[in-house]
Amino acid sequence: MTVSTDDHDDLAYNVFAKACPSRGTLEHVTGRWGGLTLGALYEGSLRFNELRRHVDGVSEKMLSQTLHALERDGLVHREAQPTNPPRVDYRLTPLGRQVAERLLALIHCVEGAMDDVLAARTRYDETRGAR
């Protein structure tokens with residue numbers, strides 16, 4: 001399916017247009033760690049290290065960068081408690097919940113189709129050689 005940028009002329013933003021700011025937000029949401037972070041926070045507020053354990057494989061640096069980007073986009077709220085040691089909780093904003101719901105539907109679709117995906121990979125590798 002080809003999507004023409006002309007199909008989106010009635011929208012204020014068009015992710016298919018190179019200079020559109022929505023493209024950056026889409027990258028934050030669909031990037032490797034952004035999607036997993038939003039999905040993890042959908043279940044509720046988490047502290048940084050809880051989130052890091054939940055999103056297996058993410059480095060402290062990448063999680064921090066991801067959270068900053070998502071917070072800047074208005075998808076995640078960061079709440080610092082004035083305690084010793086400091087406590088910082090992260091949760092989804094209403095907009096973040098909206099985005100995460102759609103993202104989780106995609107995640108569940110992919111997870112549910114993995115048997116077919118793995119079979120397709122095997123067929124591809126058998127006919128074209130593993131790369």
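Predicted model: local features only at pLDDT ≥ 70, side-chain atom pairs only at ≥ 80, totals over all residues.
View 1. The ring of Tyr42 does have a charged residue over its face: Arg97, which lies 4.1 Å from the ring centre.

**View 2. Thr37 in helix α2.** Thr37 belongs to helix α2, which covers residues 32-41. Is Thr37 buried or exposed? Its relative accessibility is 0%, and because buried means under 20%, Thr37 counts as buried. Which residues does Thr37 touch, leaving aside its neighbours within four places in sequence? The contacts are Leu51, Val55, Leu63, Thr66, Leu67 and Leu70.

View 3. Strands of a sheet pair through backbone hydrogen bonds, and the pairing can be parallel or antiparallel. Here the pairing is antiparallel, and the strands follow the order β1-β3-β2 in an open sheet. Strands β1 (46-47) and β2 are the edge strands, each pairing on one side only.

View 4. Strand β2 takes in residues 76-81, and strand β3 takes in residues 87-92. The two run antiparallel and are joined by six bridges. Two positions show which residues face each other across the pair. Arg78 of this view stands opposite Tyr90 in β3, and Gln81 stands opposite Arg87 in β3. The hairpin that leads from β2 to β3 passes through five residues.

**View 5. Helix α6 and the glycine after it.** Helix α6 is made of 15 residues, 114-128. From its first C-alpha to its last, α6 reaches 20 Å, which is close to the 21 Å expected at 1.5 Å a residue. Just after α6 comes Gly129, whose phi is positive, at about 85 degrees.

**View 6. The annotated stretch, residues 20-118.** An unreviewed UniProt entry gives residues 20-118 the annotation "domain: HTH hxlR-type". Over these residues the chain is 64% helix and 14% strand.

Notes
Residues numbered from 1 in each chain as written. Heavy atoms only, no water. Helix = DSSP H or I, 4+ residues; strand = E, 2+ residues; numbered from the N terminus. Buried < 20%, exposed > 50% of the residue type's maximum accessible area, 1.4 Å probe, protein only. Contact = heavy atoms within 4.5 Å. Pairing = 2+ DSSP bridges. UniProt positions renumbered as here; feature names shortened; annotations may be inferred. Lys NZ or Arg CZ within 6 Å of the ring centre and 35° of its normal. Expected span 1.5 Å × (residues − 1).
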